[in-house]
Each structure stands twice: as C-alpha cells, then as structure tokens.
Amino acid sequence: MFLNNNSNYPIGLDISDLSLKLVQLNKIQNKIKIQALSKVNLSEGIIDNGIIKNQAELIKAIKTLIANPQYGKVSSEEIIACLPETKTFIKLIEIEKTPNPLKEVINQEIEKHIPMSLDEIYYDWQIVKNSIDKQSILIGVTPKNIVDQYASLLDQAKLSIIALEIESISICRSLLIEEAGLSLISSATAIRQNPPKIISKAGNYGIIDIGATRTSMIFYSKNTILFTVSMPISGKQITNNIADTLELSQDLAEKAKIFCGLDKSKAQGVIKNILTDIVKKLIEKIQESLEFYNSHFANCGALEQILLCGGGANIKNLTQIIKQATNTEVKIGNSLINLAKIDEEFLKIFNEECIFDLNLLKKNNHISQKPLSITQDSSSTFSTAIGLALRGIVVDEM
Ligand SMILES: Nc1ncnc2c1ncn2[C@@H]1O[C@H](COP(=O)(O)OP(=O)(O)OP(=O)(O)O)[C@@H](O)[C@H]1O
Ligand SMILES: [Mg+2]
C-alpha cells in the first residue's frame, strides 16, 4: 500500500508589490516541515502600494509559482494570503466597561482610529485582557475594497481562500515560539472572541520587517500585538540611492548594497556613507516608537529583544547599529523557529548567491580585483509566507 505523504495544508502566499512568496508546510508525526517553497519577482506596476493594477499578469505569476516551486511540490489549492501591510491597521485598545453592547463601543473606538466609515471596512476584534472595569481589545481593520480585490484575484486564479490575514500577525506567528498555536485575529470576516491562552514566559518584542517597498515595526507584548509603526526605509529606496549617487545600474547597486551594507571596511565605506542618512532616519523613528511604547505601555515592561526580518534584515552591520542606538538585544529573527529542526542539506534551499565585481564600483582605480561572491540565507524574507502557512496548522486546526 502506498502512503501519500503530500500535505493537505493550505499554501501560505505572501503577495508583495515586487515579489510573490509561497510556502506549503506538512505535519508528519507532529513535526512541521516545509513541503514546498518558492519565490518569484514581480515587475513594477503589477501591484502598486498594495493595489492590484494588473490582475492578469499577477494570476499568471501565481500560477507559475504554484506549478513550478523552487523546492518541493505544491499539493493544495487552498490559500492563506496576507493583505498589503500599508492598507491594514492593528492595535490593542483599552476600553472602560459600560452597559452598552461591546460591539457598539468597539465601533465607536474604530471610528476614532480609522479615517474611514464602518461600511467601508471589515474588522475583527478579540478580547485580550478582562479586568473589573476595563477590557483590552485587539482590533484589526482592513478596507473592504482591498479585501474584495484580493479575494477576487484568488478566485480568478481558481484558488480557494481559507483566510486573508493582516501581515504582522503572520510575522509574529513565524518568529515567536509563544505565538504559534495562538489565535489572534483570524480572518477579515470572522470575529473571534476567545481570549488567547496565556503562556507564562511570553516576552516583549519589537519586530522590524524591512521589505523591498516598505518597513514596519511591530510592538508585541505577552501574547499580543500592541501596535505597528511604519518606518522610513525600504530596500528599493536604498538601491535607488546607491544607483543615483554612484551612477550605477539597478542591478549593480543592488549587489553593492548586499555585499557592502553598512560595513565600513567594504568598498572603503562608500556604500555605508551613502546609507548614513537613511539609517539615521530609521534609528530616529525606532527611538521615537520605543519612547511611545515605554510611555504608553509602561506596565508591559521593557522590550527584551528587537528581531529583524524581511530581506533588509540582512543588511550588513544593521543589527549592531540598532543595538547600539537602542541598548536592546537585536538579532535577525528565526523564521524557522516553529518548524521541525531543519537539516543542513535542507537549509541550502534558502541559500542565495550574490556575485559582485568591485572593479565596477571604483571607476578610476586600475588595480583589478577578482569578482567576489557571497551566499546569504534568505529565510528572513520568507517570514510572512511561513507564518501564513503555519496558520493552516496551528490555528485553523484548533
Ligand atoms: N544582504 C542584504 N542587504 C541589504 N538588503 C538586502 C539584502 N538581502 C536582501 N535585501 C533586500 O531585501 C528586499 C527584499 O526583502 P523582502 O523579500 O522581505 O521584501 P518584500 O516582502 O518583497 O517587500 P515588501 O515587504 O516591502 O512588500 C530587497 O529590497 C533586497 O534588496
Ligand atoms: Mg514583505
């Protein structure tokens, strides 16, 4: 008799402006493993700031991604996808208990925070903490037109939608041990009221997702997201700055960025110097957000760690620079922390090679050098897709 080991779990699909990423997980004997994984870059203009501009091209790219993954085989047509981060809102609010129905009170609160009317949005909420006179409630809001656009896209691609999720929730689920298994806000249409199970060792984290087109910082304390803040940095902006300053092609600027980052010993610090202003603004925004956290959530205690994810987490020396500026432990988050221990061979699927010819940077230097090559671990760019796929196992299975 043949045993079919193919997973029935839904695909996690991270739809970003400039890339699509897919992860399908499988659970065998209680071990969660990657069954399929893939990434494809999207040309500019297909999705613009989260809004789908060319549905036909996007469907084509999704179909290619599913049919020909870089690793493994996709065995499901069910999808859990994220909604564009810049279009969604998630925040923990505290409300006084009143005799009025909770839904009414939440509606009033949402109207205070969101510049849209209630009939233009979908929202979910969940009671996180209940005391005698107050309640802490996590609310998540997405504009209806965005949800409808993504739902229609996946419908047209002949995929069946299990959930559309706010991205910061997926990121926390992939990076934090205490998060896998907890249900925060589940889907744009379902309302969940079950308070999460409290796990005693749950910590306080800042998570910075540095993507190609945007960056956000999530503040998370003891099993719940508190709020998220948008940060003034993106991979594309950095590459453009390098390309403009050094008059390089985008491709070469991208390689210079990956190879040198903020390391002053690389290319005589040329790239680091170009990035100084961008990094200064990022640090200022992190510090400002930390002050907000410390003053508004003093009862949560100090952040224990700042975790970086997204491709920009790999910027050379960035963890050290944020650590110095914040006096907090900073590291690249482990997107694979909630999966079964992955062997060396398997880790190679995350390897990305970058070959860089330094001679092209120093136009007037006649001493020629051999092209350099580095291999980097791209698992941090898969945090969202892994978190989405994990949801199919740890939340929807509950
Ligand atoms: N070593 C590195 N140093 C600097 N930047 C890097 C490095 N590796 C990858 N990147 C950048 O990371 C970005 C891609 O990250 P990621 O895949 O997280 O973005 P995305 O999810 O497609 O975009 P977004 O989240 O903004 O929609 C690119 O801009 C890429 O240049
Ligand atoms: Mg991203």
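Helices, taken as DSSP runs of H or I with at least four residues, are numbered from the N terminus, and by that numbering I placed G269 in the loop between α6 and α7, the latter covering 270–296. I am working on a predicted model, and I read every value below with that in mind.

**Entry: shell of ligand 1.** I counted the residues around ligand 1 and found 19, the closest being S19, K21, E254, K257 and Q376. Sorted by class, the shell holds eleven polar residues, four charged and four nonpolar. Both β2 (19–28) and α6 (250–260) give at least two residues to the shell, and the largest share, three residues, is that of α6.

**Entry: polar contacts of ligand 1.** Which side chains and backbone atoms come up here? An oxygen atom of ligand 1 lies 2.4 Å from an N or O atom in the side chain of E254, while a nitrogen atom of the ligand is 2.7 Å from an N or O atom in the side chain of Q376. For G312 I noted a polar backbone atom, at 3.4 Å from an oxygen atom of ligand 1. On its own, ligand 1 has 660 Å² of accessible area, of which the protein covers 92%.

Methods:
Residues are numbered from 1 along each chain as its sequence is written. Chains are lettered from A and ligands numbered from 1 in the order in which they are written. This is a predicted model: local features need pLDDT of at least 70, side-chain atom pairs count only at pLDDT 80 or more; totals for chains, interfaces and linings use all residues. Side-chain values use heavy atoms; hydrogens and water are left out. A residue is near a molecule or strand if one of its heavy atoms lies within 4 Å of it. A polar contact is a pair of N or O atoms within 3.5 Å; within protein, one must be able to donate a hydrogen and the other to accept it, and residues adjacent in sequence count only if both atoms are side-chain atoms. Accessible areas come from the Shrake-Rupley method with a 1.4 Å probe; for residues, only the protein chains shown count as cover. Ala, Val, Leu, Ile, Met, Phe, Trp, Tyr, Cys and Pro count as nonpolar, Asp, Glu, Lys and Arg as charged, and the others, Gly among them, as polar.
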